[in-house]
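Take it topic by topic, and look up each residue as you go.

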Amino acid sequence: MNAVHPAWLRRVNDEGVVLTRDPGCGLGPEAYTIARAGGVTTVVAADEAGLLYGSFHALRLDADQPASTHRPAAARRMMQHWDNVFVHPVMGQVERGYSGGSLFWEDGALTGDLDRVSDYARLLASTGINAVSVNNVNVHAGEARLLTDRLGEVALLASRFRQYHIRVFLSVSFAAPMTLGGLDTADPCDARVRAWWATATRRVYDVIPDFGGYVVKADSEGQPGPFAYGRTHADGANLLAAVLAPFGGEVYWRAFVYNHRQDWRDRTTDRARAAHDHFVPLDGQFAANVILQVKHGPIDFQTREPVSPVLLAMPATRLAVELQATQEYTGQQRHVCYLPPMWSSVLSTVAARVEAVVTVSNAGEDPYWTGHPLAQANLYAAGRLAWDPALDPLELLDEWIRLTFPAAAAPVLHALMDSSWSVYEQYTAPLGIGFMVKPGDHYGPDVDGYEYSPWGTYHFADRDGVGVDRTVATGTGFTGQYPEPWRSRYESLGTCPDELLLFFHHVPYTHVLHSGRTVIQHIYDTHFAGAEAVAAMVRRWAALSPAVVGADLHDRVGRRLAEQERSSVEWRDQINTYFFRKSGIADAHGRRIH
């Protein structure tokens, strides 16, 4: 890797920071020791990456402190972009992107603003990110060519990220030997296929010697994969692992595999089971440089999900946990929704079991990086938690606010954001129900939008009750995929947490929660409370003088909050009316339900 960016070094030294690279200091890769006394900060590391991360840590210090040593908990901390090289007719330039166009690609060409890419690389490095994938996991025909005749463009991006010790990865299509190589098969056990991948990979490393490797979505939502040839995911992943291994490359093989053509009338099929059913029997069969990339929950980045049981069940396989900073189901950066409290609860369970933390990026070409200026906090904390999952998410929030805004804005920003995830949950997703969104763009309420679809995303509300029975005793058996104590906890109505009740159980509307409220009253109360909380957020922000944060930013946030208030009322009224008409049970407080 090249030396730490010289311009950055000059800037750090101007801040009174002394950097010492000492290969004999006893610290491992990327680790550093930092201390501050008398206004001078000292950073010691064995390598340049450690000095880089220590330099950014120095900027977070606001007082003297004794020496402390910091090591990353996960060796690989990756930001994955779902960016399309060519504008997709449905998804646009960035799939599930809510921050403008791609940082890397513009209407089929490499961006002309590579300095912006360098700024982004510095931004990521400041949080501890050390890897990035630059194209969509849904690899379309044009994007597939990045592996071959457009590799020079990837190399230009890699040159910008390299300055900040960030390795570039490519998402590749499993069918590339056919679509790019002219073969009649992509069978991972075919010698011609293996030879094609070996040649293509060698050419990548000839151009990008520090290339990180491949990200693969296979046999999922229409993407090609080894199932077409009667092969397993281990067969497919190991093919790519073998050609990457001589160069130190890795395969990030996504475990997001399920039947997306289900019969909604068949209650024995359960999308939540799919990843465990497909991958756990393959534990121990993956090559050493394969990392199985597992979404943090068993469905799809919903507002509230349990931890994926796959992350608890594959001790002989290297695992990565996948988080989603882009707010596909959590307000799409039109709503304030600070996600690190959710991520922290997941990481506290799985951090010791995973070797990598992968986050789907929420950054784009927008001047504020993330569309909603306050969504920058999710990007910042994703990197910080990947480095150290034990960090307090609310302390990270305050850290981000302090580094970003004047002190006068801090109380208002903290009040807006610290409980924003729970507020969003209140007016959208009661007790673990998910996917009550408009199909396609996934924004706004549509309670039955996916209820009779083939996507396996059901709530099963009827006149008597609501929820999905995933128990071993009477349901799909999903609870049986968990080890103890989770298995018994989720199986029993008596011990299942209220916030996940309807994810695991189908219950009457009159079922009494641990809180003492009935299910139906909880639905009414939380949806009214959530909308009221958003209205309070709007008032709180309006009371902050634009001069404190700048007129443009104040206006941008104010307009986003106005949309959040409108949307929260829409959610409140549609959800409450739906369940009132299903249950026939009136609100105990006599509030208006249409």
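This is a predicted model: local features need pLDDT of at least 70, side-chain atom pairs count only at pLDDT 80 or more; totals for chains, interfaces and linings use all residues.

The protein chain holds 19 helices and 18 strands, and buried residues make up 60% of its 594 residues.

**Overall shape**

- A compact globule with 594 residues would have a radius of gyration near 25 Å, and the protein chain has 24 Å, which agrees.
- Taken along the principal axes, the C-alpha atoms of the protein chain fill a box of roughly 70 × 65 × 45 Å.

**Backbone details worth a look**

- The peptide bond that runs from Glu484 to Pro485 is cis, and its omega is near 10°.
- You will find Pro485 in the loop between strand 17 (465–466) and helix 15 (486–491).
- Glu221 is not a glycine, yet it has a positive phi of about 50°.
- The loop that holds Glu221 lies between strand 12 (213–216) and helix 8 (233–244).
- With 26% relative accessibility, Glu221 counts as partly exposed, because buried means under 20% and exposed means over 50%.
- Leu431 is another residue other than glycine with a positive phi, here near 60°.
- Leu431 has its place in the loop between helix 14 (420–428) and strand 17.
- Leu431 counts as buried, since its relative accessibility is 3%.

**Aromatic pairs and a cluster**

- The structure holds 29 aromatic pairs.
- One of them joins Phe478 and Tyr482: their ring centres are 5.3 Å apart and their planes stand at 80°, so this pair is edge-to-face.
- Phe478 is buried, with a relative accessible area of 0%, and Tyr482 counts as buried at 1% relative accessibility.
- Tyr509 and Phe579 also form an edge-to-face pair, because their planes are at 65°, with ring centres 6.3 Å apart.
- Tyr509 lies in the loop between strand 18 (507–508) and helix 17 (519–542), while Phe579 lies in helix 19 (residues 551–583), so the pair ties together parts that are 70 residues apart in sequence.
- Both Tyr509 and Phe579 are buried.
- One aromatic cluster is formed by Trp196, Trp197, Tyr205, Phe211, Tyr214 and Phe247.

**Charges over rings**

- Arg116 lies over the face of Trp369, at 3.6 Å from the ring centre.
- Arg470 has its charged end over the ring of Phe503, 4.4 Å from the centre of that ring.

**The second largest pocket**

- This pocket has a volume of about 510 Å³.
- Its lining counts 25 residues, and those nearest the centre of the second largest pocket are Met91, Glu95, Arg96, Glu221 and Trp455.
- By class, 10 residues in the lining of the second largest pocket are nonpolar, six are polar and nine are charged.

**Cavities**

- Rolling a probe the size of a water molecule over the atoms shows where empty space is left.
- How many cavities of 30 Å³ or more are there? The count comes to nine.
- The largest cavity has a volume of about 150 Å³.
- The largest cavity is lined by 16 residues, and Gly432, Gly434, Tyr458, Arg470 and Phe503 lie nearest its centre.
- The lining of the largest cavity divides into seven nonpolar, six polar and three charged residues.
- The second largest cavity holds about 130 Å³ of space.
- Of the 15 residues that line the second largest cavity, Ala255, Phe256, Ala275, Pro298 and Ile299 lie nearest its centre.
- Helix 9 (274–279) and strand 14 (290–295) are the elements that give two or more residues to the lining of the second largest cavity.
- Strand 14 provides the largest share of that lining, with three residues.
- Sorted by class, the lining of the second largest cavity has nine nonpolar, three polar and three charged residues.

Key:
Residues are numbered from 1 along each chain as its sequence is written. Side-chain values use heavy atoms; hydrogens and water are left out. Helices (H or I, at least four residues) and strands (E, at least two) are DSSP runs, numbered from the N terminus. Buried means under 20% relative accessible area, exposed over 50%, partly exposed in between (1.4 Å probe, protein chains only). Rings of Phe, Tyr and Trp (its six-membered ring) pair if their centres lie within 6.5 Å; planes under 30 degrees apart count as stacked, over 60 as edge-to-face and the rest as tilted. A charge sits over a ring if NZ of Lys or CZ of Arg is within 6 Å of the ring centre and within 35 degrees of the ring normal. On a 1 Å grid over the protein atoms alone, a cavity is a set of points where a 1.4 Å probe fits but cannot get out, and a pocket is an open set with protein on both sides within 12 Å along at least five of seven lines; lining residues have an atom within 4 Å of a point. Grid points are joined across faces, edges and corners, and a volume is the space filled by probe spheres set on the points. Ala, Val, Leu, Ile, Met, Phe, Trp, Tyr, Cys and Pro count as nonpolar, Asp, Glu, Lys and Arg as charged, and the others, Gly among them, as polar. The radius of gyration is taken over C-alpha atoms; the globule rule is 2.2 Å times the number of residues to the power 0.38.
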